[in-house]
Amino acid sequence: MDKDRDSETGQDNYTIRAQKYDPQLFLQNAKNFQLDKVPCAMESITQGILGGVTVGIQAFQHQMLSNSNTVEYISSALSWSVGGFAMSALVSLEVCRRTRESKQQKLAEIQQAMRDYQSDKEKHLPYLQDRGISSE
């Protein structure tokens, strides 16, 4: 967590950065927690809401067709909806996290390849003047 002081308001601004998934992130930053700063959090919550609503509607329709008690099928649909939210959010968070991690790994490999290319290029320049060697 990085702490910056705003020059205009004098308030402390906290930036949360996670390199890898850290389960202690939520516990360490609970006081100044900002959901929009956590990678993949907003997307997974949105996917969870959509998944929960979809599962809840499907369970509601299925229970209505079986002609059971009204209170029972509403209660059952709500339970399915909460479960659908949890599962959709967790799966979406894991997929986003793995995708993000693989992109960062590929980026690191590309940066290392560029550094290797630059160092090799400087070692093997074809002309003497490019290497800083004069012919005189």
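Analyst: In this predicted model, cysteine 40 and cysteine 96 are joined in a disulfide, with 2.1 Å between their sulfur atoms. A disulfide is a covalent bond between the sulfur atoms of two cysteines. The structure holds one such disulfide. Because the torsion about the S-S bond of cysteine 40 and cysteine 96 is about -70°, the disulfide is left-handed. Cysteine 40 lies in the loop between α1 (25-28) and α2, whereas cysteine 96 belongs to helix α3 (residues 70-123), so the pair ties together parts that are 56 residues apart in sequence.

The two cysteines may also be described by their accessibility. Cysteine 40 has a relative accessibility of 9% and therefore counts as buried, the cut-off being under 20%. Cysteine 96, with a relative accessible area of 25%, is partly exposed.

Helix α2 comprises residues 41-65. This helix has 25 residues and reaches 36 Å from its first C-alpha to its last, close to the 36 Å expected at 1.5 Å a residue. The buried residues of α2 are Ala41, Ser44, Gly48, Gly51, Gly52, Gly56 and Ala59.

Ile45, Ile49, Val53, Ile57 and Phe85 make a nonpolar surface patch of about 400 Å². Helix α2 gives the most to this patch, with four residues. Isoleucine 57, which is found in helix α2, counts as partly exposed because its relative accessibility is 44%, a value to be read against the limit of over 50% for an exposed residue.

The structure holds one aromatic pair. Its members are phenylalanine 60 and tyrosine 73, whose arrangement is edge-to-face, at 5.2 Å centre to centre and with 65° between the planes. This pair links distant parts of the chain, since phenylalanine 60 is in helix α2 and tyrosine 73 is in helix α3, 13 residues apart. Phenylalanine 60 is partly exposed, with a relative accessible area of 31%, whereas tyrosine 73 counts as buried at 12% relative accessibility.

Terms used. Residues numbered from 1 in each chain as written. Predicted model: local features only at pLDDT ≥ 70, side-chain atom pairs only at ≥ 80, totals over all residues. Heavy atoms only, no water. Patch = residues over 30% accessible without salt bridge, like charges linked within 9 Å, V, L, I, M, F, W, Y side chains within 5 Å. Areas by Shrake-Rupley, 256 points an atom, 1.4 Å probe, with all protein chains shown as cover. Salt bridge = Lys/Arg side-chain N within 4 Å of Asp/Glu carboxyl O. Helix = DSSP H or I, 4+ residues; strand = E, 2+ residues; numbered from the N terminus. Buried < 20%, exposed > 50% of the residue type's maximum accessible area, 1.4 Å probe, protein only. Expected span 1.5 Å × (residues − 1). Disulfide = S-S within 2.5 Å. Phe/Tyr/Trp six-rings, centres within 6.5 Å; stacked < 30°, edge-to-face > 60°.
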